Amino acid sequence: MQFLLVFIIVTSIIYNDVGCQADKTDGETKFLVLEDDNMEPTILDCDFNLNDTESFLTVKWFRNDKAIYQWIRGSQPAPIPEFKNDVDSSYESSKDPNKQYSSLALINPTISSTGDYKCVVQSKTDSDTIHKSVQVIDFRNKTLKMDRYRIQNETQLECTISNVFPKPTLTIVSEDDDIVKVVANDPLENEDGYFNASTLAVVQDNDDDIDSYKCVVTFDGYSQNLTFEHVTQSN
């Protein structure tokens, strides 16, 4: 029996500008796909709306309720020391003196950049809070493969992926609809916070044509996809 294996990993394209809406939690998660060390900053805008901005104005950003950056109008912005390598405090988001340094410019992203972000703006008599959610995707050092085993009259296919973030879902797809059983194992998290996963499919195929199988790796929440494909063939 000839057979053809196709490997597909599904991810999303990156958007660097993340907008905020005043007094509202944005229900859409923004996905940040890690590429290399030369990535452009990811900008989280804080489009607040205050009635009182005459006395004083402060802007503070939080990630998972932990302060990472603050700006007081009239002074230079400053990241919290622990996060000085995560934020570009020189980024100017507006010529408006009330919003000049109100945005958060994330640099050097890692999987730890994933989280719930909150922009809190305060004046003497008014305040505003804007929420954002960011999900980092990292498969730069992934290993993806499919192994084929012949056991009696069955063919077993095992798809495995390692060293990806966040938790993936694996699906084995056959063009001939000859998969009779699928066993998916729960992804396991390694000591670095990345995940390994595998799924097994039992196939019954007695013809001599070329069989095509796809191992599809998805991450929860994607709406736009980028596909990587690897093809092997054996006789």
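Predicted model: local features only at pLDDT ≥ 70, side-chain atom pairs only at ≥ 80, totals over all residues.
The bond between C46 and C119, with an S to S distance of 2.0 Å, is one of 2 disulfides in the structure. The two partners are 73 residues apart, and the link therefore connects distant parts of the chain, with C46 in the loop between β5 (42-44) and β6 (58-63) and C119 in strand β10, which spans residues 115-122. The angle about the S-S bond is -85 degrees, and the link of C46 and C119 is left-handed. The other disulfide joins C159 to C215, with an S to S distance of 1.6 Å; C159 belongs to strand β13 (residues 154-164) and C215 to strand β18 (residues 211-219), so that this pair ties together parts of the chain lying 56 residues apart in sequence. The link of C159 and C215 is also left-handed, with -55 degrees about the S-S bond, and both C159 and C215 are buried. When the bonded cysteines are counted along the chain, the disulfides follow the pattern 1-2, 3-4.

Strand β10, which carries C119, pairs with β6 in the antiparallel sense over 6 bridges, and within this pairing V59 stands opposite V121 of β10. Strand β6 also runs antiparallel to strand β7 (residues 66-72), to which 6 bridges join it; here the bridge partner of V59 is W71, while T58 is placed opposite I72. Strand β7 in turn pairs with strand β8 (residues 78-79) in the antiparallel sense, over 2 bridges, and Y69 stands opposite P79 of β8. In the hairpin that β7 and β8 form, 5 residues lie between the strands, and G74 in the turn has a positive phi of about 95 degrees.

The nonpolar interior was examined next. In soluble globular proteins, nonpolar side chains tend to be buried together. The largest nonpolar core of the model comprises 20 residues, and those with the most contacts inside it are F48, W61, Y69, L104, Y117 and V121. Two or more residues are given to this core by each of β6, β7, β9 (104-106), β10 and β11 (127-137). Another core, of 19 residues, lies apart from the largest one and includes I137, V164, C215 and F219. Of these, C215 is the residue that forms the disulfide with C159.

Strand β13, in which C159 lies, also contains T160. Because its relative accessible area is 17%, T160 counts as buried, given that the cut-off is under 20%. Leaving aside residues up to four places away in sequence, T160 touches T143, L144, K145, L170, A197 and S198.

Technical notes
Residues numbered from 1 in each chain as written. Heavy atoms only, no water. Disulfide = S-S within 2.5 Å. Helix = DSSP H or I, 4+ residues; strand = E, 2+ residues; numbered from the N terminus. Buried < 20%, exposed > 50% of the residue type's maximum accessible area, 1.4 Å probe, protein only. Pairing = 2+ DSSP bridges. Core = buried A, V, L, I, M, F, W, Y, C linked by side-chain atoms within 4.5 Å. Contact = heavy atoms within 4.5 Å.
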